[in-house]
Amino acid sequence: QVQLVESGGGLVQAGGSLRLSCEVSGSPFSSNAMGWYRQAPGKQRELVAVIARGGVTNYTDSVKGRFTISRDNAKNTVYLQMNSLKPEDTAVYYCNVDIRPNVVSGSRMYWGQGTQVTVSA
């Protein structure tokens, strides 16, 4: 069964760094676009960054120059390196991957369980 397992959240002071990881388990047939979303209290979930299988990336404006998304296709893992963190980056971060679970199925989006990132002032 395909699952996304996240790790790397925590508490950090403003200006600090964290690295999130999300591993796709269950040996799916293929993983396509991989991304990170976040949801702060009282706000809608928003896309933070996305990376295509070939490596093309896209970021929301508020994190450009501070966050870097990357992937290791051999390990079926996506990363989010977060530098120069700000209190407004505080949120639950979710990975999201477009996965084709097996050769007879179409692809669909899978979500991780979420990991809390808290940035103190």
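1. Between which two strands is glycine 106 found? Glycine 106 sits in the loop between strand S9 (91-100) and strand S10 (108-111). This is a predicted model, so read every point below as a comment on a prediction. Glycine 106 is exposed, because its relative accessible area is 55% and exposed means over 50%. Setting aside residues up to four places away in sequence, glycine 106 touches Ile99, Arg100 and Pro101.

2. Start with the overall plan. The protein chain has eleven strands and zero helices. Along the sequence, the pattern reads β-β-β-β-β-β-β-β-β-β-β.

3. Next, the overall dimensions. A compact globule of 121 residues would have a radius of gyration near 14 Å, and the protein chain agrees, with 14 Å. Along the principal axes, the C-alpha atoms fill a box of roughly 50 × 25 × 25 Å.

4. How much of the chain is buried? Of the 121 residues in the protein chain, 40% are buried. Contacts can also be sorted by sequence separation. Among those with a separation of 6 or more, 56% are between residues 24 or more positions apart.

5. Now the surface and the charges. The accessible surface of the protein chain is about 6,300 Å². Carbon and sulfur atoms account for 48% of that surface. The chain carries 12 positive and 8 negative charges.

6. Look at strand S3 (residues 18-25). S3 pairs with strand S1 (residues 3-7) through five bridges, and the two run antiparallel.

7. Follow S3 to its end. Glycine 26 lies in the loop between S3 and strand S4 (30-39). Is glycine 26 buried or partly exposed? It counts as partly exposed, because its relative accessibility is 44%. Glycine 26 touches Gln1 and Val2, not counting residues up to four places away in sequence. Compare glycine 26 with glutamine 113. They are 87 residues apart in sequence, and their C-alpha atoms are 16 Å apart in space.

8. Eight of the ten residues of S9 are buried, so S9 is largely enclosed by the rest of the structure. Which way do S4 and S9 run, parallel or antiparallel? They run antiparallel, joined by eight bridges. Within this pairing, methionine 34 stands opposite valine 97 in S9.

9. Four bridges link S9 and S10 in the antiparallel sense. Isoleucine 99 stands opposite arginine 108 in S10. S9 is also joined to strand S11 (residues 115-120) by three bridges, and these two strands run antiparallel. The bridge partner of tyrosine 93 in S11 is threonine 115.

10. Asparagine 96 is buried, because its relative accessible area is 5% and buried means under 20%. What does asparagine 96 touch, leaving aside its neighbours within four places in sequence? The contacts are Leu4, Ala33, Met34, Gly35, Tyr37, Met109, Tyr110 and Trp111. Met34 is also the residue that stands opposite valine 97.

11. Check two backbone angles. Most residues other than glycine have a negative phi. Asparagine 76 is not a glycine, yet has a positive phi of about 55°. Serine 84 is not a glycine either, and has a positive phi of about 50°.

12. Where do these two residues lie? Asparagine 76 is in the loop between strand S7 (67-72) and S8. Serine 84 is in the loop between S8 and S9. Asparagine 76 counts as buried, because its relative accessibility is 17%. Serine 84 is partly exposed, with a relative accessible area of 41%.

Key:
Residues are numbered from 1 along each chain as its sequence is written. This is a predicted model: local features need pLDDT of at least 70, side-chain atom pairs count only at pLDDT 80 or more; totals for chains, interfaces and linings use all residues. Side-chain values use heavy atoms; hydrogens and water are left out. The radius of gyration is taken over C-alpha atoms; the globule rule is 2.2 Å times the number of residues to the power 0.38. Buried means under 20% relative accessible area, exposed over 50%, partly exposed in between (1.4 Å probe, protein chains only). Contact means heavy atoms within 4.5 Å. Accessible areas come from the Shrake-Rupley method with a 1.4 Å probe; for residues, only the protein chains shown count as cover. Lys and Arg count as positive and Asp and Glu as negative; His and the chain ends are not counted. The place of a charge is taken as NZ of Lys, CZ of Arg, CG of Asp or CD of Glu. Two strands pair if DSSP finds at least two bridges between them.
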